[in-house]
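Please read the following points with the model open beside the text.

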Amino acid sequence: MVTFVGFPDWLERGEGDVREWLHMVARVHSCRIDYLQYSFVNDDEITRINTEHLKHNYATDIITFGYSEGSRVSGEVFISLDTVTSNAQGFNVSRSDELDRVMAHGLLHLIGFNDSTKGEKQRMREEEEKCLILRPKKLSNS
């Protein structure tokens, strides 16, 4: 089950389409989503969560809390729409594409991918790109 809290109204696709894509990403990685909640928040809220849980007093694009067991994916993902918007402008990509990349990033963490080292960051970026390619045509901006 994939749920959304505060799903952005500017996203040009519906929750059902995004949910279907996330399940496809999990299947490609031989996983199944048991419970996954995405909460879309602002920079103030993600800074509060980051400070309270990770002791980092700053905004970030995503915070993922994982409860996965083996190939059964479970977790909570918090995404700052403010930071996603800023990053999209900085990377010269659409907000929708940047949000999709960040949603995939959170799911990939829950699947077991890390991004602590340079090599892991490179692998994570490659996996994010594969996830974006998996989007049905109606989800991609191309």
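1. Just after helix 2, Lys55 adopts a positive phi of about 65°. Helices (H or I, at least four residues) and strands (E, at least two) are DSSP runs, numbered from the N terminus. This is a predicted model, in which local features need pLDDT of at least 70 and side-chain atom pairs count only at pLDDT 80 or more, while totals for chains, interfaces and linings use all residues. Residues are numbered from 1 along each chain as its sequence is written, and side-chain values use heavy atoms, with hydrogens and water left out.

2. Ile46, Thr47, Ile49 and Asn50 are the buried residues of helix 2. Buried means under 20% relative accessible area, exposed over 50%, and partly exposed in between (1.4 Å probe, protein chains only). Viewed down the axis of helix 2, these buried residues fall within an arc of 165°, so they line one face of the helix; the arc is that of the directions from the helix axis to the C-beta atoms. They pack against strand 2 (32-41), strand 3 (62-66) and strand 4 (72-80).

3. Of the 32 residues in the largest nonpolar core, Tyr38 and Ile79 touch the most other members. A nonpolar core is a set of buried Ala, Val, Leu, Ile, Met, Phe, Trp, Tyr and Cys residues joined through side-chain atoms within 4.5 Å. Helix 4 gives the most to this core, with eight residues. A second, separate core of six residues includes Ile46, Ile49, Ile63 and Phe78.

4. Why may helix 4 be described as largely enclosed by the rest of the structure? The reason is that 14 of its 17 residues are buried. Helix 4 is followed by Gly112, whose phi is positive, near 130°.

5. Arg135 is found in the segment after helix 5 (118-134). At 10% relative accessibility, Arg135 counts as buried. Its side chain makes a polar contact with the side chain of Asp100 (2.7 Å), and the side chain of Arg135 also reaches the backbone oxygen of Leu132 at 3.0 Å.

Key
Contact means heavy atoms within 4.5 Å. A polar contact is a pair of N or O atoms within 3.5 Å; within protein, one must be able to donate a hydrogen and the other to accept it, and residues adjacent in sequence count only if both atoms are side-chain atoms.
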